[in-house]
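Subject: Structure handover

Hello,

The structure I promised is below, followed by notes on what was found in it. Please have it open while you read.

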Amino acid sequence: MPYDICGLGTLATDVLMMLDTLPQKDSFCLVRHTEMQPGGSGTNTIVQAARLGSRCAYLGTVGDDAEGRVVICSLKEEGVDASHVYIRPGERTTRTEIAVDAQGNKCIFLIMGDAFFKLRLNQKDRALLHEAKVFFTDLLPGWAAMSALREAFYNEQKIAVSLEVGVSLFAEMGVTADQIRESLRIADLVVPCRDAVRELTGTDDPFEAAKKMRPYCRGIIVYTRGKKGSVAFLPDGRIVETPACPVKAVDTTGAGDSFMGALMHAYLVKEKPIEEALRFAASCAALTCTGVGARYYPPQGYPNLETI
């Protein structure tokens with residue numbers, strides 16, 4: 001196949017604001033430094049996979065503004081086929097404003113713009129989707145993501161789903177709880193955030209949550225737990241716990257995206273055993289945290305998948 005992974009999901013620019021400490025309610029703080037970088041959880045994930053050697057393409061829409069140009073140029077620079085990221089005249093690209101303190105803690109503000117939700121898949125988009133071994137999505141924008149998910153499933157492609165927001169926020173953006181559960185029924189790999197897990201299952205405990213999700217989740221469920229590492233629940237009942245790699249964190253903004261991109265590359269593309277793939281993903285995520293920005297690239301590069 002021409003591509004290893006075709007992605008459809010969030011794309012944005014990130015405005016990073018570096019602070020000493022995050023402000024309390026009704027208080028002020030001094031911004032030490034600001035910087036605009038390419039971001040968006042979906043594109044961050046696909047870029048990580050591309051950096052590791054996967055052949056990637058992406059579907060989406062941006063506005064005809066500076067932020068949209070940053071999104072497209074950054075994908076091209078990373079070797080991702082961005083020919084199916086469309087520019088909508090007169091509209092605005094999604095952006096996030098991220099406040100990060102000296103310990104790497106953060107607060108994220110999402111400004112959707114009006115271009116992002118306009119994606120509608122045409123025949124050429126569907127042909128691109130069929131040319132990939134793996135389809136990846138974070139379920140946004142909802143209509144296009146669900147349409148592509150069903151097509152990938154019927155085409156017997158591998159499917160990876162990342163849930164980056166909770167069910168209530170998904171609902172505000174037009175994705176229902178039933179649609180989320182439908183995506184989990186057909187996905188081979190699911191990595192949900194804490195808010196999504198809590199709202200789907202009523203618990204923060206990953207072991208209890210996995211039991212409640214298993215009836216409508218056919219694939220591997222992976223929970224990331226920051227410094228506690230990750231825990232994966234396999235369809236055959238096995239549980240794989242992987243420790244986090246200790247590093248001095250500067251900014252944790254892109255850790256989850258880096259983890260997801262590396263996990264897809266190792267497990268779904270290179271077909272490594274899940275234990276090896278999880279260790280590799282943990283190493284990549286840790287290194288991403290050692291610099292500023294969701295796509296920070298460590299000077300020493302990433303570990304070798306064959307020797308991890």
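Phe153 has a relative accessible area of 32% and is partly exposed (buried means under 20%, exposed over 50%, partly exposed in between, with a 1.4 Å probe and protein chains only). This is a predicted model, in which local features need pLDDT of at least 70 and side-chain atom pairs count only at pLDDT 80 or more, while totals for chains, interfaces and linings use all residues. Residues are numbered from 1 along each chain as its sequence is written, and side-chain values use heavy atoms, with hydrogens and water left out.

Aromatic rings

Five aromatic pairs turn up in a search of the whole structure. Rings of Phe, Tyr and Trp (its six-membered ring) pair if their centres lie within 6.5 Å; planes under 30 degrees apart count as stacked, over 60 as edge-to-face and the rest as tilted. Phe153 pairs with Tyr154 in a tilted arrangement, at 5.8 Å centre to centre and 55° between the planes. Tyr154 is exposed, at 68% relative accessibility. Tyr297 and Tyr302 form an edge-to-face pair, because their ring centres are 5.3 Å apart and their planes stand at 90°. Of these two, Tyr297 is partly exposed at 43%, whereas Tyr302 is buried at 14%. Elsewhere, ring pairs join Phe207, Tyr223 and Phe233 into a cluster.

Arg120 is over the face of Trp143, 5.0 Å from the ring centre. Arg181 has its charged end over the ring of Tyr216, at 5.7 Å from the centre.

Cysteines

There are zero disulfides in the structure, a disulfide being a pair of cysteine sulfur atoms within 2.5 Å. For Cys107, the nearest cysteine sulfur belongs to Cys29 and is 10 Å away. Cys107 is partly exposed, at 33% relative accessibility. Cys193 is buried, at 19%.

Strands and helix

Helices (H or I, at least four residues) and strands (E, at least two) are DSSP runs, numbered from the N terminus. Two strands pair if DSSP finds at least two bridges between them.

An open sheet with mixed pairing has nine strands in the order 5-4-1-8-9-10-11-12-13. Its edges are strand 5 (81-88) and strand 13 (239-242), each of which pairs on one side only. On average, neighbouring strands of this sheet are turned by 15° against each other, direction ignored. Axes are lines fitted to C-alpha atoms, for helices over the stretch in contact, and angles run from 0 to 180 degrees between N-to-C directions.

Helix 1 (residues 41-51) lies across strand 1 (3-8), strand 4 (56-63) and strand 8 (132-137), at about 150° to strand 4 (contact means heavy atoms within 4.5 Å).

Strand 6 (residues 95-100) and strand 7 (residues 106-111) are paired antiparallel over six bridges. Thr96 has Leu110 in strand 7 as its bridge partner. These two strands form a hairpin with five residues between them, and Gly104 in the turn has a positive phi of about 90°.

Regards

Methods
A charge sits over a ring if NZ of Lys or CZ of Arg is within 6 Å of the ring centre and within 35 degrees of the ring normal.
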